[in-house]
Amino acid sequence: MKMVDRDQDWDFHLRTLSNSARDSNSGNDPASDPNILQSVKRLYELCKAENSEDLVARVYPQFNKIFQRSVSSLSQSGTSNGLLLLAILQFFIDFGEMVLHDADPSLKTFFRSCLSREFADPIVAEAVLEFLNVNRNKFLTSFPTLLPQFFPLLLKLIAWNGEKLEKLFLQIFPALISPGSFLPLFPSLMDFPVLVVALERVERSSGSLVGNSIASIQKSKAPEMLLALMDEAYTGSTIGDEGGGSESEDSNTIDVADPLFLDLLKDENDGLSERHWNSPGMTAVINTALSSAQSDRLKQILNMTPRILDVYFFVALRQVNNSLICALIPLLMSRNSILFPDKDFSYKVRKRLLEFMLAAFQRSPAFIALLKKPIIDRLGEAYENPAKTELALQLCWAIGEHGGGGRSHSDAARELFESLELLLYENLLSSRLGLRQDSGDKASGESFRKSSQSRLLCFVITAIAKLATYHRELLPRARVSLGKVARSRTSDSRVWTRAHDYLGLLSDPGISLSILGPSKPASEDAHNPGTVDWSRGGTKMVAHIPFYILCKQEGPPFHDFSYSDILPRR
């Protein structure tokens with residue numbers, strides 16, 4: 001009886017699909033008939049349960065026809081086709097081998113024709129993310145380039161739908177990262193808030209995003225929208241206002257075909273493109289966002305972006321090759337001070353950028369030597385603003401900690417040393433650290449400037465001392481530099497006291513190496529003199545502790561014991 005019922009169920013749904021092709025309405029727009037979606041889902045379930053090639057072969061032609069009709073009707077359709085197409089795509093993915101159907105072209109057609117129009121539909125957006133997560137392994141093995149190719153479209157999807165889909169998005173997000181998308185993905189993530197502002201502007205100018213292809217809007221209305229956006233930002237008026245003054249006339253001279261606007265709203269990955277934050281389009285977007293209250297959608301993406309960056313950097317450190325990470329670091333350094341102007345957002349993102357940069361240098365110290373030119377450039381920008389100052393501080397620490405790339409990179413270390421010398425002398429001879437503060441209190445601003453300058457000097461002289469410890473040929477120049485600081489009583493006492501201490505350490509190579517030397521040896525078998533191999537702590541005596549740990553205690557230890565007495569046992 002159950003077999004008879006199943007056959008009847010099968011025939012009913014198959015007839016439903018056949019009849020839809022003859023119906024004038026559903027034939028032109030299959031999604032307009034909800035029974036078609038139910039029949040597709042039911043037939044798929046039967047094929048899955050029976051796993052019969054005969055049943056799959058019978059239903060495939062009907063599914064394929066419905067798919068093609070749905071795609072062709074998208075531009076005239078008044079109903080959503082997303083759910084119907086996803087149901088058919090699931091059939092293509094699961095049974096494509098049986099019927100010799102390559103699902104890759106169908107998937108690309110769905111992204112380009114359907115999702116580009118319906119990414120703003122919350123029901124379709126959630127169904128797409130669930131579909132991608134269910135088929136994640138198949139995408140990684142059978143269609144490895146598909147998601148990286150369409151990552152801009154998926155970023156628009158999550159930017160518009162916000163935190164309610166964040167969990168689903170983060171599960172599939174690592175699949176968007178590939179050798180071809182890793183670098184282009186970074187600026188897109190950094191500009192997430194700007195993307196939201198641009199999408200909201202498109203909605204206000206052209207109506208609902210659901211059912212409209214932004215690609216066609218770009219071609220037909222991008223110049224008008226961008227002109228209106230810039231006019232509003234610069235003059236406070238709309239494009240239709242009359243009697244504009246000179247500011248309006250100036251804005252009209254701006255190239256309205258700003259490529260930034262088109263690049264933000266693209267659907268496919270077309271490689272790494274440079275985004276000029278000083279361009280008229282970006283300036284207009286930012287000014288418009290700052291001149292009005294933040295929307296709920298923008299607030300959500302400001303909170304989500306740091307968490308998405310966490311996943312991006314996690315994947316980068318574990319799956320991405322060194323050449324791509326090395327290429328990412330200059331991009332990271334250039335974007336460190338160019339962020340969406342929200343204080344909390346900037347702090348969280350900048351913190352993650354610097355942490356990833358230091359982790360990359362820790363994993364591959366040779367990056368410092370390979371990237372000496374952009375590093376030297378960033379050190380030269382340490383005076384411009386607090387963000388660039390903080391980046392310079394972290395770069396100084398990395399240069400010293402990793403010896404300018406290691407002992408095998410003496411030429412690069414010498415160039416980095418010269419850059420540190422220049423930075424040191426400029427700070428000693430002048431007060432060029434032109435940091436601007438929001439507070440109007442001049443005394444407070446001057447105090448902050450001096451504190452920042454002292455902090456920078458401490459980092460610089462530490463890096464100089466460490467470099468000279470790594471590369472002994474730099475020792476004479478290091479003594480000269482540190483001697484000038486030690487004799488300079490005009491700077492913060494902490495600065496010249498530290499310089500004096502380093503001069504004393506450098507006079508004793510053994511102790512200097514134990515304190516200022518590399519945190520890890522150049523090779524696994526090597527061991528730095530004067531330091532303790534803590535993995536062998538149970539066999540060491542207290543006499544092996546470097547002198548500086550004993551807090552200037554004179555004479556032999558008053559008792560003797562093994563490290564095993566004080567280290568916890570596992």
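## Basis of the values

The model is predicted: local features need pLDDT of at least 70, side-chain atom pairs count only at pLDDT 80 or more, and totals for chains, interfaces and linings use all residues. Residues are numbered from 1 along each chain as its sequence is written, and side-chain values use heavy atoms, with hydrogens and water left out.

## Overall fold

The chain has 28 helices and 0 strands. Both are DSSP runs numbered from the N terminus, with helices (H or I) needing at least four residues and strands (E) at least two. Of the 570 residues in the chain, 50% are buried. Here buried means under 20% relative accessible area, exposed means over 50%, and partly exposed lies in between (1.4 Å probe, protein chains only).

Among contacts with a separation of 6 or more, 74% are between residues 24 or more positions apart; a contact means heavy atoms within 4.5 Å. The chain exposes about 27500 Å², and carbon and sulfur atoms supply 52% of that area. Accessible areas come from the Shrake-Rupley method with a 1.4 Å probe, and for residues only the protein chains shown count as cover.

## Nonpolar core

The largest nonpolar core has 159 residues, and those with the most contacts inside it are Phe91, Phe111, Leu115, Tyr312, Met357, Phe361 and Ile375. Helix 5 (residues 82–99) gives the largest share of this core, 11 residues. Such a core is a set of buried Ala, Val, Leu, Ile, Met, Phe, Trp, Tyr and Cys residues joined through side-chain atoms within 4.5 Å.

Leaving aside neighbours within four places in sequence, Phe361 is in contact with Ile329, Phe367, Ile368, Leu371, Ile375, Leu395, Ala398 and His402.

## Helix 23 and its ends

Helix 23 (residues 386–401) has 16 residues, which at 1.5 Å a residue should span 22 Å; its end C-alpha atoms are 22 Å apart, in agreement. The expected span is 1.5 Å times one less than the number of residues. Helix 23 is largely enclosed by the rest of the structure, because 13 of its 16 residues are buried.

At the N-terminal end, Asn385 caps helix 23, with a side-chain oxygen 3.1 Å from the backbone nitrogen of Ala387. Just after helix 23, Gly403 takes a positive phi of about 60°.

## Charged pairs

Side chains of opposite charge can pair when their charged atoms come close. A salt bridge is a side-chain nitrogen of Lys or Arg within 4 Å of a carboxyl oxygen of Asp or Glu, and by this rule the count comes to 25. One of them joins Glu45 and Arg42, with the closest N and O atoms 3.3 Å apart. Both residues lie in helix 3 (residues 34–50), 3 residues apart, about one turn of the helix. Glu45 is partly exposed at 42% relative accessibility, and Arg42 is partly exposed at 30%.

Glu381 and Lys388 form a salt bridge between their side chains (3.7 Å, N to O). Lys388 counts as buried because its relative accessibility is 17%. Arg455 and Glu390 form another salt bridge, with the closest N and O atoms 3.0 Å apart. This pair links distant parts of the chain: Arg455 is in helix 25 (residues 442–470) and Glu390 in helix 23, 65 residues apart. Arg455 is partly exposed at 38%, and Glu390 is partly exposed at 22%. Salt bridges that share partners also join Arg378, Glu381, Glu384 and Lys388 into one network.

How values were computed:
A polar contact is a pair of N or O atoms within 3.5 Å; within protein, one must be able to donate a hydrogen and the other to accept it, and residues adjacent in sequence count only if both atoms are side-chain atoms.
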